[in-house]
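Here is a friendly note to read with the model open beside you. Take the points in order and find each residue as you go.

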Amino acid sequence: MDHAVLGQVALGYSPLIDAQRAVAATRLTVFPQRPDARVDAADLLQAVAEVWPAGGGRVLLNIASEPLLAAVLAARPAANVVVEVPAFMAADDAHAELLQAAQRAGTAMLIKGRPVRELAPAVLACFQQAIVEGEEQHEPGLRMAQRPLVAGMRTQAMVNAALKAGAAGTLGWPFDDAPETADAKAGTQPDLATIVELIRRVDQQEPVERLEASLKLDPALAFKLMRYINSPAFGLRVEIGSFRHAIMMLGYQRLKRWLALLLVSASKDHDMRPVMFAAVRRGLLMEELARRQGDDEMRSEIFICGVFSLLDRMMKQPFDALMRTIPVPEGVSQALAHGTGPYQPYLEVALAVEQESLFDLRDAAERLMVSVEVANRATLVALAAAQQLD
């Protein structure tokens with residue numbers, strides 16, 4: 001990720017969630033760090049292509065700069081890149097030819113918001129779909145073949161209402177509302193309970209035979225763990241063929257990292273898909289931020305901190321109770337249960353990136369004592385690694 005453009009912009013991301021709660025694409029938001037900066041559109045698209053190669057997953061580009069957006073459209077993005085165009089720009093006759101030329105070249109575009117006046121048919125035809133704020137969902141004005149995407153959802157109830165009313169999906173996933181609390185009689189899902197028990201045994205460094213016996217209770221989880229460990233994101237040069245082999249190669253300490261990943265991705269609840277998406281990327285981003293600042297053990301703990309940062313929603317228990325049942329390092333417990341400790345600044349950067357806020361990202365990066373450029377690079381590396389895991 002050696003691109004000059006990463007020193008000129010600030011990046012944020014969020015998922016595009018469809019009606020089945022699956023992640024259909026990733027939205028990458030791009031803010032120029034200075035309003036007068038001339039940002040290289042070709043370099044930006046090259047950086048994007050390293051994370052989402054042509055023929056790979058879809059990425060929505062949300063560019064908060066009219067000149068840069070125009071330059072990106074003129075640069076002919078790859079087929080899997082969808083460009084968001086704000087309604088005010090679509091309604092400006094000065095951009096009509098640019099939009100139509102981009103459409104003829106095969107560039108996919110979404111219109112963001114509702115224009116103040118009716119668009120010419122040739123301009124309206126440039127857009128596949130509209131992005132609207134939730135309250136705008138039923139307002140007249142844009143007649144498009146596809147149902148709209150909604151943004152600005154702050155609670156799970158708002159998402160459910162928007163999807164029920166006909167939205168095709170939602171941009172971002174709300175974490176503002178309080179996590180649900182599980183019925184005490186219901187307990188933890190069996191698949192999650194198996195992994196929690198395995199984490200406890202690994203933490204106590206029990207003999208391999210006992211660990212294997214726990215994992216054999218759920219062959220599907222054993223398969224998923226082996227798949228994670230053998231993924232390109234892990235970077236091993238030999239294939240791991242068994243749990244015993246994994247312990248021999250990794251050791252107990254490194255294995256905890258992959259059990260943490262397995263725990264947050266094991267839920268069969270469809271509503272948890274966006275939560276799993278966020279948790280995995282938080283862990284990878286925080287780990288990458290710590291790459292130059294700590295040893296392997298510290299980076300592994302920071303990864304677990306990010307991955308577990310939404311565990312209260314998955315397990316439907318508050319963090320102070322969870323931290324008493326799942327063995328985690330002290331720094332992880334401090335960050336998640338109390339919002340303090342050495343790992344909290346890493347989590348704050350990850351949250352600022354998710355919130356797609358230039359100002360929040362600047363503040364959080366300053367508190368962590370890294371540049372926005374370093375945060376940008378970590379973000380793209382994390383998103384690329386998550387693609388490999390997916």
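**Notes on the model**

1. Let us begin with one residue. Pro86 counts as buried because its relative accessibility is 12%, where buried means under 20% relative accessible area, exposed over 50% and partly exposed in between (1.4 Å probe, protein chains only). Pro86 sits in strand 4, residues 81-86. Setting aside neighbours within four places in sequence, Pro86 is in contact with Leu69 and Lys112; contact means heavy atoms within 4.5 Å. From Pro86 to Ala64 the C-alpha distance is 9.3 Å, and the two are 22 residues apart in sequence.

2. A word on what you are looking at. This is a predicted model, in which local features need pLDDT of at least 70 and side-chain atom pairs count only at pLDDT 80 or more, while totals for chains, interfaces and linings use all residues. Residues are numbered from 1 along each chain as its sequence is written, and side-chain values use heavy atoms, with hydrogens and water left out.

3. Now the whole protein. Its secondary structure comes to 18 helices and 8 strands; helices (H or I, at least four residues) and strands (E, at least two) are DSSP runs, numbered from the N terminus. The C-alpha atoms fill a box of roughly 70 × 45 × 40 Å along the principal axes.

4. How much of the protein is buried? Buried residues make up 54% of the 390 residues. The accessible surface comes to about 17500 Å², and 51% of that belongs to carbon and sulfur atoms; such areas come from the Shrake-Rupley method with a 1.4 Å probe, and for residues only the protein chains shown count as cover. Of the contacts with a separation of 6 or more, 62% are between residues 24 or more positions apart.

5. Next, look at helix 9 (residues 219-229) and helix 10, whose axes come within 10 Å and cross at roughly 100°. Helix 9 is therefore roughly perpendicular to helix 10. Among the residues that make this contact are Leu221, Leu225 and Tyr228 of helix 9 and Phe243, Trp258 and Leu259 of helix 10. By class, the contact of helix 9 with helix 10 has 13 nonpolar, no polar and 1 charged residues. Here Ala, Val, Leu, Ile, Met, Phe, Trp, Tyr, Cys and Pro count as nonpolar, Asp, Glu, Lys and Arg as charged, and the others, Gly among them, as polar.

6. Leu259, in helix 10, deserves a look of its own. With 0% relative accessibility, Leu259 counts as buried. Leaving aside neighbours within four places in sequence, Leu259 is in contact with Ile195, Leu198, Ile199, Val202 and Leu225.

7. Helix 10 (residues 243-264) also packs with helix 11 (residues 273-289), at an angle of about 155° and with axes 9 Å apart. That makes helix 10 roughly antiparallel to helix 11. Angles under 35 degrees count as roughly parallel, over 145 as roughly antiparallel, 65 to 115 as roughly perpendicular and the rest as oblique. Arg257, Leu261 and Val264 of helix 10 meet Met276, Ala279, Val280, Leu284 and Glu287 of helix 11.

8. Is helix 16 (residues 344-354) mostly covered or mostly uncovered? Helix 16 is mostly covered, with 8 of its 11 residues buried. Among the buried ones are Tyr346, Leu347 and Val349. The partners of the buried residues include strand 1 (9-18), helix 11 and helix 18 (372-389).

9. Finally, some backbone angles to check. Most residues other than glycine have a negative phi. Gln205, in the loop between helix 7 (190-203) and helix 8 (208-215), has a positive phi of about 55° although it is not a glycine. At 54% relative accessibility, Gln205 counts as exposed. Lys316, in the loop between helix 13 (311-315) and helix 14 (319-325), has a positive phi of about 60°. Lys316 is partly exposed, with a relative accessible area of 22%.

How values were computed
Axes are lines fitted to C-alpha atoms, for helices over the stretch in contact, and angles run from 0 to 180 degrees between N-to-C directions.
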